[in-house]
Amino acid sequence: MQKFVELLESQLGYSEKSGGYTKFGDWYGRTVEFDADYTAAPWCDMYLSWAAGKLGYEEWIGQFAYTVYHARWFQQQDAWGATPKPGAIVFFDWSGSKKIDGIDHVGIVTRVEGNRIHTIEGNIDGGVAKRKERDTGKVVGYGYPEKIKARLDREATEKQLILDPATACGGNLVAVDPGPNLLALVPAPIPARKTPASAGPGKARQAPKHAAGTAAGNGREAPSGDDGGATPARSARPARSTMPAHSAVSPRTATVPAPISVSAARPVARNGRNGRNGRNGPAVPAGSRSSPVEPGDVLVHSGYRGRRRREKVPA
C-alpha cells in the first residue's frame, strides 16, 4: 500500500476546474464506466480508483465512483470492519447514521493516533485533494485492501499445481500418492483356440465346400483333401448365353448325353401357358406329345417362345 499512498500524495493540492471538471472523473468515464459523464461528478472515490488503476491494484482496492457500492464490495469480499489501521479505506457519513446506505465520503487512512485518524482525501474543502485529521465519530466502517490481496495471493498459490523440475528443491517438493496398480485391475488374456492351420504340419487346411466347387468350376485346381490327394474338380459347365432365345441369329444346340424317357408318374404337362388351354385347361397325358429322346437327337430352339423341336444328326 505504500506505493498507493505515495501516488495519492503526488496529487495533493489538486483542485477541480471550472464546472467541476477533474482529470480523475475524465479518466474514470473513459476507462472504467461508460454509462454517464463523470468529468464533473463528485470525485473523492474516483481519486482512489485512479491511483489503483495506475498501479494495477484494482482487484483488491476496487474501482468505484459511488461510495455506497464501494463499501458493499468490501463487505462481499469479507474485508469490512470497524477498526482503523494504516492502509484501510475509511468511509464517512456526515449525518452520523453509521449505515452503509448513508455513506457520502471516502478517504484512506495513513496513520492512527488514539481516537483520531490521519487521512488523504479528495474533493474536500471546496474540491481539493488534501491531508486531513479526523475523529472517528462520523466513520461508518473500514475496508481492508490488504486482506483481499492476501486472499488472492493464497488462492493463486493453491492453483499452482505444476512445479518446474529445474527450480524444484528439497523444500519445494510435493508428495504424490501412487494410487492403485492399474495393471492389476486388467484381467488375464484368454488363450486363443487352435485353428486347423495351427493344428500341425501333418494336415493341410481343408477348403470350405463352396470354395472347392468354385475352384473347380473356374478351372483351377481344388485344394487337396486330408489324405494328401487332390480333390477331383467338377467338369466345367458351358457358358450360358445372356442373349434372349427369340433374338438369336442361329439356333442353339446341345447334345443330350443319354436317353431320357418321360415316365407316366411325372407330373402331366399342360397345354400351353396363356392360351385357351392354360394353367387351368385340360391336362395332356405325359408322352402324348413327346417321346423318349434317342441318342444323337438334337434339341433345336425355334426362337419363338422357347419352343423346341427334335432333329436327327447325320451320322
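The points below concern the sheet, the helix across it and the nonpolar core of a predicted model.

1. The model has an open sheet of six strands, arranged 1-6-2-3-4-5, with antiparallel pairing. Strand 1 (80–81) and strand 5 (128–135) are the edge strands, and each of them pairs on one side only.

2. Strands 4 and 5. Seven bridges join strand 4 (residues 116–124) to strand 5, and the two pair in the antiparallel sense. Two of the residue pairs can be checked directly: His118 has Glu133 in strand 5 as its bridge partner, and Glu121 has Lys130 in strand 5.

3. The hairpin. Three residues lie between the strands in the hairpin of strand 4 and strand 5. Asp125 in this hairpin has a positive phi near 55 degrees.

4. The core. The largest nonpolar core holds 46 residues, and the members that touch the most others are Phe4, Leu8, Ile108 and Tyr142. Helix 3 (residues 44–55) makes the greatest contribution to this core, with seven residues.

5. Phe4. Which residues is Phe4 in contact with, leaving aside its neighbours within four places in sequence? They are Leu48, Ala51, Ala52, Leu55, Tyr57, Ile61 and Ile108. One of these, Ile108, is listed with Phe4 among the core members that touch the most others.

Terms used
Residues are numbered from 1 along each chain as its sequence is written. This is a predicted model: local features need pLDDT of at least 70, side-chain atom pairs count only at pLDDT 80 or more; totals for chains, interfaces and linings use all residues. Side-chain values use heavy atoms; hydrogens and water are left out. Two strands pair if DSSP finds at least two bridges between them. Helices (H or I, at least four residues) and strands (E, at least two) are DSSP runs, numbered from the N terminus. A nonpolar core is a set of buried Ala, Val, Leu, Ile, Met, Phe, Trp, Tyr and Cys residues joined through side-chain atoms within 4.5 Å. Buried means under 20% relative accessible area, exposed over 50%, partly exposed in between (1.4 Å probe, protein chains only). Contact means heavy atoms within 4.5 Å.
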